[in-house]
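Biologist: Can you walk me through this one? Please keep the terms simple.

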Amino acid sequence: MSLKPEIVIIMANLGTPDAPTAQAVRRFLRQFLSDARVIEMPKLLWWLILHLFVLPFRPKRVAHAYASIWQDDSPMRCILLRQVAEVERVLKSTYSELNIQVIPAMTYGQPAIADVLQRLEQQNIDQIILFPLFPQYSATSSAPLYDALAKWCLKQRNLPALTVIRDYYAHPDFIAALAKSVRDDQAIHGRAEKLLMSFHGIPQPYADKGDPYAERCHVTAQKLAQALGLKDDEWAISFQSRFGKQEWVKPYTSELLVEWAKQGVASVQVVSPAFSADCLETLEELAVENRDIFLAHGGKSYAYIAALNEQPEHIHVLTKLIAVQLDAAQYSFAQ
(Lines give C-alpha, C1' and ligand atoms only; values in the text may rest on other atoms or scores of the structure.)
Protein backbone atom coordinates (compact mmCIF):
# COMPACT_ATOMS: atom_id res chain seq x y z
CA MET A 1 0.00 0.00 0.00
CA SER A 2 1.51 3.36 -1.02
CA LEU A 3 1.93 6.20 1.42
CA LYS A 4 0.04 9.42 1.02
CA PRO A 5 2.12 12.42 -0.12
CA GLU A 6 3.12 14.65 2.79
CA ILE A 7 2.18 18.26 2.08
CA VAL A 8 2.97 21.13 4.44
CA ILE A 9 1.31 24.51 4.00
CA ILE A 10 2.97 27.36 5.91
CA MET A 11 0.63 30.30 6.39
CA ALA A 12 2.80 33.23 7.41
CA ASN A 13 2.14 36.77 8.54
CA LEU A 14 4.54 39.59 9.41
CA GLY A 15 4.86 39.18 13.15
CA THR A 16 4.10 40.53 16.58
CA PRO A 17 5.77 40.96 19.97
CA ASP A 18 5.35 38.23 22.57
CA ALA A 19 3.83 40.66 25.06
CA PRO A 20 2.67 44.30 25.22
CA THR A 21 5.77 45.34 27.14
CA ALA A 22 8.66 47.62 26.22
CA GLN A 23 11.12 44.73 26.55
CA ALA A 24 9.15 42.45 24.23
CA VAL A 25 8.49 45.23 21.74
CA ARG A 26 12.17 46.19 21.73
CA ARG A 27 13.12 42.59 20.94
CA PHE A 28 10.56 42.49 18.12
CA LEU A 29 11.54 45.86 16.65
CA ARG A 30 15.23 44.97 16.75
CA GLN A 31 14.56 41.90 14.60
CA PHE A 32 12.07 43.62 12.30
CA LEU A 33 14.02 46.83 11.72
CA SER A 34 17.32 45.01 11.27
CA ASP A 35 16.03 43.38 8.09
CA ALA A 36 17.63 44.99 5.05
CA ARG A 37 14.42 44.28 3.13
CA VAL A 38 12.58 46.64 5.48
CA ILE A 39 15.20 49.36 5.91
CA GLU A 40 17.34 50.06 2.85
CA MET A 41 20.11 52.15 4.31
CA PRO A 42 23.89 51.75 4.71
CA LYS A 43 24.27 49.09 7.38
CA LEU A 44 26.53 50.96 9.81
CA LEU A 45 24.53 54.19 9.57
CA TRP A 46 21.25 52.41 10.23
CA TRP A 47 22.78 50.38 13.10
CA LEU A 48 23.69 53.63 14.82
CA ILE A 49 20.26 55.17 14.24
CA LEU A 50 18.46 52.01 15.36
CA HIS A 51 20.44 51.52 18.57
CA LEU A 52 20.92 55.16 19.55
CA PHE A 53 17.60 56.74 18.56
CA VAL A 54 14.93 54.11 17.80
CA LEU A 55 15.28 51.23 20.26
CA PRO A 56 15.92 53.38 23.35
CA PHE A 57 12.68 55.37 22.89
CA ARG A 58 10.16 53.83 20.48
CA PRO A 59 9.42 50.51 22.28
CA LYS A 60 7.76 52.17 25.28
CA ARG A 61 5.39 54.14 23.07
CA VAL A 62 4.62 51.15 20.84
CA ALA A 63 4.12 48.89 23.88
CA HIS A 64 1.47 51.28 25.17
CA ALA A 65 -0.32 51.04 21.82
CA TYR A 66 -0.12 47.23 21.88
CA ALA A 67 -1.51 47.15 25.42
CA SER A 68 -4.60 49.01 24.20
CA ILE A 69 -5.50 46.21 21.76
CA TRP A 70 -4.01 43.14 23.51
CA GLN A 71 -6.34 40.30 24.37
CA ASP A 72 -5.13 36.98 25.78
CA ASP A 73 -2.46 37.29 23.10
CA SER A 74 -1.66 39.50 20.15
CA PRO A 75 -4.72 39.87 17.88
CA MET A 76 -2.62 39.04 14.80
CA ARG A 77 -1.37 35.78 16.30
CA CYS A 78 -4.82 34.80 17.60
CA ILE A 79 -6.37 35.39 14.18
CA LEU A 80 -3.57 33.56 12.36
CA LEU A 81 -4.05 30.49 14.55
CA ARG A 82 -7.78 30.49 13.87
CA GLN A 83 -7.19 30.94 10.13
CA VAL A 84 -4.75 28.02 10.12
CA ALA A 85 -7.14 25.75 12.02
CA GLU A 86 -10.04 26.51 9.70
CA VAL A 87 -8.02 26.20 6.49
CA GLU A 88 -6.61 22.87 7.64
CA ARG A 89 -10.09 21.60 8.51
CA VAL A 90 -11.42 22.48 5.05
CA LEU A 91 -8.43 21.09 3.16
CA LYS A 92 -8.28 17.82 5.07
CA SER A 93 -11.95 17.20 4.41
CA THR A 94 -11.42 17.86 0.69
CA TYR A 95 -8.09 16.13 0.03
CA SER A 96 -8.26 12.82 1.87
CA GLU A 97 -5.66 11.35 -0.51
CA LEU A 98 -3.01 13.74 0.84
CA ASN A 99 -1.49 14.06 4.30
CA ILE A 100 -1.85 17.79 4.90
CA GLN A 101 -0.39 19.91 7.65
CA VAL A 102 -1.17 23.62 7.87
CA ILE A 103 1.33 25.45 10.06
CA PRO A 104 1.40 29.07 11.29
CA ALA A 105 4.55 31.17 11.03
CA MET A 106 5.74 34.73 11.48
CA THR A 107 8.57 36.50 9.70
CA TYR A 108 9.45 38.26 12.96
CA GLY A 109 8.50 36.98 16.40
CA GLN A 110 6.85 33.67 17.20
CA PRO A 111 6.22 31.16 15.73
CA ALA A 112 9.37 32.04 13.79
CA ILE A 113 9.53 30.96 10.15
CA ALA A 114 13.14 29.75 10.61
CA ASP A 115 12.09 27.50 13.51
CA VAL A 116 9.12 26.15 11.58
CA LEU A 117 11.32 25.23 8.62
CA GLN A 118 13.96 23.68 10.87
CA ARG A 119 11.38 21.39 12.47
CA LEU A 120 10.36 20.18 9.02
CA GLU A 121 13.86 18.75 8.52
CA GLN A 122 12.88 15.90 10.82
CA GLN A 123 9.94 14.95 8.60
CA ASN A 124 9.79 13.30 5.21
CA ILE A 125 8.01 16.13 3.39
CA ASP A 126 7.06 15.84 -0.27
CA GLN A 127 6.00 19.44 -0.81
CA ILE A 128 6.07 22.74 1.05
CA ILE A 129 3.60 25.45 0.07
CA LEU A 130 4.59 28.80 1.52
CA PHE A 131 1.69 31.23 1.71
CA PRO A 132 2.61 34.80 2.73
CA LEU A 133 -0.66 36.30 3.92
CA PHE A 134 -0.15 39.63 2.19
CA PRO A 135 -2.75 40.25 -0.53
CA GLN A 136 -0.37 42.64 -2.33
CA TYR A 137 3.24 41.50 -2.78
CA SER A 138 5.98 43.80 -1.53
CA ALA A 139 9.70 43.30 -1.09
CA THR A 140 9.20 44.66 2.43
CA SER A 141 6.66 42.03 3.50
CA SER A 142 6.51 38.93 1.29
CA ALA A 143 10.16 38.86 0.17
CA PRO A 144 11.64 38.22 3.65
CA LEU A 145 9.72 34.95 3.69
CA TYR A 146 11.27 34.03 0.34
CA ASP A 147 14.64 34.83 1.94
CA ALA A 148 13.95 32.55 4.91
CA LEU A 149 12.97 29.70 2.61
CA ALA A 150 16.05 30.25 0.43
CA LYS A 151 18.36 30.15 3.46
CA TRP A 152 16.76 26.91 4.59
CA CYS A 153 17.11 25.38 1.11
CA LEU A 154 20.87 25.99 1.12
CA LYS A 155 21.22 23.54 4.01
CA GLN A 156 19.04 20.76 2.57
CA ARG A 157 20.20 17.82 0.53
CA ASN A 158 16.85 16.17 -0.25
CA LEU A 159 14.65 19.15 -1.06
CA PRO A 160 10.88 18.80 -1.27
CA ALA A 161 8.85 20.40 -4.02
CA LEU A 162 8.54 24.10 -3.22
CA THR A 163 5.74 26.50 -4.04
CA VAL A 164 5.19 30.11 -2.98
CA ILE A 165 1.79 31.73 -3.40
CA ARG A 166 2.96 35.23 -4.28
CA ASP A 167 -0.21 37.26 -3.66
CA TYR A 168 -3.87 37.59 -4.56
CA TYR A 169 -4.53 41.31 -4.89
CA ALA A 170 -6.88 41.02 -7.87
CA HIS A 171 -8.42 37.58 -7.29
CA PRO A 172 -12.17 37.88 -7.94
CA ASP A 173 -13.06 35.94 -4.78
CA PHE A 174 -10.86 38.22 -2.69
CA ILE A 175 -12.52 41.30 -4.14
CA ALA A 176 -15.95 39.73 -3.59
CA ALA A 177 -15.07 38.96 0.05
CA LEU A 178 -13.97 42.55 0.63
CA ALA A 179 -17.11 43.90 -0.99
CA LYS A 180 -19.35 41.65 1.11
CA SER A 181 -17.54 42.74 4.26
CA VAL A 182 -18.17 46.40 3.43
CA ARG A 183 -21.82 45.78 2.52
CA ASP A 184 -22.43 43.75 5.67
CA ASP A 185 -20.98 46.51 7.83
CA GLN A 186 -23.00 49.19 6.05
CA ALA A 187 -26.17 47.12 6.43
CA ILE A 188 -25.74 47.43 10.19
CA HIS A 189 -24.21 50.90 10.59
CA GLY A 190 -25.34 52.71 7.48
CA ARG A 191 -23.27 54.13 4.66
CA ALA A 192 -20.83 57.01 5.14
CA GLU A 193 -20.20 59.83 2.68
CA LYS A 194 -16.77 58.45 1.85
CA LEU A 195 -15.19 55.02 1.84
CA LEU A 196 -11.44 55.23 2.39
CA MET A 197 -9.29 52.26 1.37
CA SER A 198 -6.17 52.67 3.47
CA PHE A 199 -3.17 50.46 2.76
CA HIS A 200 0.07 50.04 4.70
CA GLY A 201 2.64 52.30 3.09
CA ILE A 202 6.17 51.79 1.79
CA PRO A 203 8.87 54.40 1.12
CA GLN A 204 8.49 56.05 -2.29
CA PRO A 205 12.11 55.17 -3.27
CA TYR A 206 11.25 51.48 -2.91
CA ALA A 207 8.40 51.87 -5.38
CA ASP A 208 10.66 53.89 -7.69
CA LYS A 209 13.13 51.00 -7.71
CA GLY A 210 10.47 48.54 -8.84
CA ASP A 211 8.51 47.32 -5.82
CA PRO A 212 5.05 46.63 -7.31
CA TYR A 213 3.18 47.01 -4.02
CA ALA A 214 1.64 50.45 -4.56
CA GLU A 215 0.47 49.53 -8.05
CA ARG A 216 -1.14 46.36 -6.70
CA CYS A 217 -2.89 48.36 -3.99
CA HIS A 218 -4.38 50.67 -6.62
CA VAL A 219 -5.67 47.66 -8.56
CA THR A 220 -7.28 46.18 -5.44
CA ALA A 221 -8.88 49.52 -4.55
CA GLN A 222 -10.22 50.12 -8.06
CA LYS A 223 -11.70 46.63 -8.29
CA LEU A 224 -13.30 46.95 -4.86
CA ALA A 225 -14.82 50.29 -5.82
CA GLN A 226 -16.22 48.72 -8.98
CA ALA A 227 -17.63 45.76 -7.04
CA LEU A 228 -19.37 48.17 -4.66
CA GLY A 229 -20.65 50.36 -7.51
CA LEU A 230 -18.99 53.47 -6.08
CA LYS A 231 -18.69 56.73 -7.97
CA ASP A 232 -15.26 58.36 -8.18
CA ASP A 233 -16.13 60.96 -5.53
CA GLU A 234 -17.41 58.34 -3.07
CA TRP A 235 -14.10 56.64 -2.33
CA ALA A 236 -10.35 57.15 -2.24
CA ILE A 237 -7.12 55.25 -1.68
CA SER A 238 -4.45 56.23 0.86
CA PHE A 239 -1.40 54.84 2.67
CA GLN A 240 -0.71 54.70 6.39
CA SER A 241 2.04 53.70 8.87
CA ARG A 242 4.87 56.00 7.83
CA PHE A 243 8.20 55.62 9.62
CA GLY A 244 11.11 58.04 9.46
CA LYS A 245 11.44 61.29 7.52
CA GLN A 246 11.73 60.10 3.91
CA GLU A 247 8.86 60.37 1.46
CA TRP A 248 6.44 57.44 1.36
CA VAL A 249 3.85 56.56 -1.26
CA LYS A 250 0.97 59.03 -1.22
CA PRO A 251 -1.62 60.16 -0.41
CA TYR A 252 -1.08 59.75 3.34
CA THR A 253 -4.12 58.52 5.24
CA SER A 254 -3.85 61.06 8.07
CA GLU A 255 -3.43 64.03 5.70
CA LEU A 256 -6.33 62.97 3.48
CA LEU A 257 -8.60 62.66 6.50
CA VAL A 258 -7.66 66.18 7.62
CA GLU A 259 -8.34 67.48 4.12
CA TRP A 260 -11.75 65.80 4.00
CA ALA A 261 -12.73 67.08 7.42
CA LYS A 262 -11.81 70.64 6.47
CA GLN A 263 -13.80 70.30 3.24
CA GLY A 264 -16.90 69.44 5.26
CA VAL A 265 -17.01 65.66 4.82
CA ALA A 266 -18.99 64.55 7.86
CA SER A 267 -18.69 60.75 7.77
CA VAL A 268 -16.03 58.26 6.72
CA GLN A 269 -15.78 54.50 6.75
CA VAL A 270 -12.33 52.98 6.43
CA VAL A 271 -11.30 49.54 5.20
CA SER A 272 -7.75 48.23 4.88
CA PRO A 273 -7.48 45.60 2.14
CA ALA A 274 -3.73 45.16 2.70
CA PHE A 275 -4.24 43.24 5.96
CA SER A 276 -5.37 39.62 6.13
CA ALA A 277 -5.66 39.95 9.91
CA ASP A 278 -6.36 42.83 12.24
CA CYS A 279 -3.30 44.04 14.11
CA LEU A 280 -1.74 47.14 15.67
CA GLU A 281 -1.85 49.08 12.40
CA THR A 282 -5.58 48.53 11.98
CA LEU A 283 -6.95 48.29 15.53
CA GLU A 284 -4.96 51.16 17.03
CA GLU A 285 -3.51 53.35 14.28
CA LEU A 286 -6.37 53.15 11.79
CA ALA A 287 -9.37 52.59 14.07
CA VAL A 288 -8.35 54.95 16.90
CA GLU A 289 -5.50 57.31 16.01
CA ASN A 290 -6.83 58.28 12.59
CA ARG A 291 -10.39 58.52 13.92
CA ASP A 292 -9.18 61.07 16.47
CA ILE A 293 -7.42 63.03 13.71
CA PHE A 294 -10.56 63.16 11.57
CA LEU A 295 -12.85 64.17 14.43
CA ALA A 296 -10.39 66.76 15.75
CA HIS A 297 -10.48 68.57 12.41
CA GLY A 298 -14.24 68.74 12.14
CA GLY A 299 -15.37 65.29 11.03
CA LYS A 300 -18.50 63.93 12.70
CA SER A 301 -18.48 60.17 12.19
CA TYR A 302 -15.63 57.73 11.56
CA ALA A 303 -15.75 53.94 11.55
CA TYR A 304 -13.22 51.22 10.79
CA ILE A 305 -14.44 48.09 8.97
CA ALA A 306 -12.63 45.03 10.29
CA ALA A 307 -10.17 43.03 8.19
CA LEU A 308 -11.39 39.78 6.66
CA ASN A 309 -9.71 37.78 9.44
CA GLU A 310 -11.37 34.33 9.65
CA GLN A 311 -14.61 35.29 7.92
CA PRO A 312 -15.94 32.32 5.87
CA GLU A 313 -15.47 34.23 2.62
CA HIS A 314 -11.83 34.85 3.47
CA ILE A 315 -11.22 31.22 4.40
CA HIS A 316 -12.76 30.32 1.03
CA VAL A 317 -10.26 32.60 -0.74
CA LEU A 318 -7.28 31.18 1.14
CA THR A 319 -8.27 27.55 0.65
CA LYS A 320 -9.04 28.11 -3.02
CA LEU A 321 -5.57 29.55 -3.63
CA ILE A 322 -3.97 26.61 -1.86
CA ALA A 323 -6.24 24.12 -3.61
CA VAL A 324 -4.77 25.07 -6.98
CA GLN A 325 -1.43 23.77 -5.72
CA LEU A 326 -2.93 20.67 -4.10
CA ASP A 327 -4.77 19.72 -7.29
CA ALA A 328 -1.42 19.60 -9.06
CA ALA A 329 0.22 17.77 -6.15
CA GLN A 330 -2.19 14.86 -6.45
CA TYR A 331 -0.48 13.86 -9.70
CA SER A 332 3.07 14.87 -8.82
CA PHE A 333 3.99 12.05 -6.46
CA ALA A 334 4.00 8.29 -6.86
CA GLN A 335 1.02 6.63 -5.22
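Modeller: First, a definition: buried means under 20% relative accessible area, exposed over 50%, and partly exposed in between (1.4 Å probe, protein chains only). This is a predicted model, where local features need pLDDT of at least 70, side-chain atom pairs count only at pLDDT 80 or more, and totals for chains, interfaces and linings use all residues. Residues are numbered from 1 along each chain as its sequence is written, and side-chain values use heavy atoms, without hydrogens and water.

Biologist: Is Asp184 buried, exposed or partly exposed?

Modeller: Asp184 is partly exposed, at 36% relative accessible area. Lys180 is partly exposed too, at 33%.

Biologist: What joins the side chains of Asp184 and Lys180?

Modeller: A salt bridge, 2.7 Å from N to O. The term means a side-chain nitrogen of Lys or Arg within 4 Å of a carboxyl oxygen of Asp or Glu.

Biologist: Why are Asp184 and Lys180 about one helical turn apart?

Modeller: Because they sit four residues apart in helix α7 (residues 172-189). Helices are DSSP runs (H or I, at least four residues), and strands are too (E, at least two), numbered from the N terminus.

Biologist: How many salt bridges are there?

Modeller: The count is 15. Asp73 and Arg77 form one of them, with the closest N and O atoms 2.9 Å apart. Arg77 is buried, at 8% relative accessibility.

Biologist: Which residues are linked in a network with Asp73 and Arg77?

Modeller: Asp18 and Arg27, through salt bridges.

Biologist: New topic. Where is Asn158?

Modeller: Asn158 is in the loop between α6 (143-154) and β4 (161-164). Asn158 is exposed, at 66% relative accessible area.
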